[in-house]
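Subject: Structure handover

Hello,

Here is the structure to take over from me. Please look through the sequence and coordinates first; my notes on what was found come after them.

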Amino acid sequence: MTYERNPLAPAPLTGSAMDKEEIVDVLNDLLDISRTRRSAFVACAQDIQTLPECKAVLLSSAQDCAKAEVKLVAMVRSFGFEPTRSGTPDSVQARDVARKNGRTDVNSDGSIDATMLQACERGEDAALARCRQALEEQLPTQVRDLVAQLCETVKRDHDTIRGWRDAACRHQP
């Protein structure tokens, strides 16, 4: 990838076998994941019909993603680069297809909660796999700490969504 260099950026972090561009690639990938997750949480919260507590959890998770985005942007800039500006197109498209499918798979009580939560869980499965993959990289300590924190948040959200999905599936006819 080609990046814009910021000539006034502070010295990069040390302690990594990776070059700056490789580190920034990892950070930008995680930034895309966070943006996609935030959008998916908001979309799912909008479509959830019978689990008001779940809506609140999803919106809180979306806020957590926004906070992670701020940290990731700052980390990218600490290397003298500008962050990517878009989400991951494939993930966004997959989420939108899942939302559309969820809307057409209405339960007998008019709700689509289980379907939406299943789609959201699949998105979290993919996000968790990508975060774990990033942890396998030879990242500088400060970057690794941020990635580990993000991975823990994704795992927590995944497990929470799975619990809500299980509950919604139990209430389906």
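Cys-54 lies in helix H2; helices (H or I, at least four residues) and strands (E, at least two) are DSSP runs, numbered from the N terminus. The model is predicted, so local features need pLDDT of at least 70 and side-chain atom pairs count only at pLDDT 80 or more, while totals for chains, interfaces and linings use all residues. Residues are numbered from 1 along each chain as its sequence is written, and side-chain values use heavy atoms, with hydrogens and water left out.

Cys-54 counts as buried, at 1% relative accessibility. Buried means under 20% relative accessible area, exposed over 50%, and partly exposed in between (1.4 Å probe, protein chains only). Not counting residues up to four places away in sequence, Cys-54 touches Leu-117 and Trp-164, where contact means heavy atoms within 4.5 Å. Its C-alpha atom is separated by 9.6 Å from that of Asp-113, 59 residues apart along the chain.

Overall picture

The protein has five helices and zero strands, and from the N terminus on its elements run α-α-α-α-α. Of the 173 residues, 45% are buried. Among contacts with a separation of 6 or more, 77% are between residues 24 or more positions apart.

H1 covers residues 20-47, which is 28 residues. From its first C-alpha to its last it reaches 41 Å, close to the 40 Å expected at 1.5 Å a residue; the expected span is 1.5 Å times one less than the number of residues. Asp-19 caps the N-terminal end of H1, with a side-chain oxygen 3.1 Å from the backbone nitrogen of Glu-21.

Leu-30 is found in H1 and is buried, at 0% relative accessibility. Leaving aside neighbours within four places in sequence, Leu-30 is in contact with Leu-72, Cys-131, Ala-134, Val-147 and Leu-150. The C-alpha atoms of Leu-30 and Arg-130 are separated by 7.9 Å, and the two residues are 100 residues apart along the chain.

H2 has 27 residues, which should span 39 Å at 1.5 Å a residue; the end C-alpha atoms are 40 Å apart, which agrees. The buried residues of H2 include Cys-54, Leu-58, Glu-69, Leu-72 and Ser-78. What covers the buried residues of H2 includes H1, helix H4 (113-135) and H5.

Ser-78 is in H2 and counts as buried at 18% relative accessibility. A polar atom of the Ser-78 side chain lies 2.6 Å from the backbone oxygen of Met-75. Just after H2, Gly-80 takes a positive phi of about 90°.

Two residues of H5

His-158 is in helix H5 and is buried, with 7% relative accessibility. Its side chain makes a polar contact with the side chain of Asp-125 (2.4 Å). A polar contact is a pair of N or O atoms within 3.5 Å; within protein, one must be able to donate a hydrogen and the other to accept it, and residues adjacent in sequence count only if both atoms are side-chain atoms. Beyond its neighbours within four places in sequence, His-158 is in contact with Glu-121, Glu-124 and Asp-125.

Arg-165 is also placed in H5, and with a relative accessible area of 17% it is buried. Its side chain makes a polar contact with the side chain of Asp-166 (2.9 Å). Leaving aside neighbours within four places in sequence, Arg-165 is in contact with Ala-114, Leu-117, Gln-118 and Glu-121.

About 170 Å³ of space lies in the second largest pocket. On a 1 Å grid over the protein atoms alone, a pocket is an open set of points where a 1.4 Å probe fits, with protein on both sides within 12 Å along at least five of seven lines; lining residues have an atom within 4 Å of a point. Grid points are joined across faces, edges and corners, and the volume is the space filled by probe spheres set on the points.

The lining includes Arg-37, Asp-64, Lys-67, Gln-149 and Arg-156. Helix H2 (52-78) and helix H5 (141-170) are the elements that give two or more residues to this lining, and H2 gives the most, with six residues. The lining divides into five nonpolar, two polar and five charged residues (Ala, Val, Leu, Ile, Met, Phe, Trp, Tyr, Cys and Pro count as nonpolar, Asp, Glu, Lys and Arg as charged, and the others, Gly among them, as polar).

Regards
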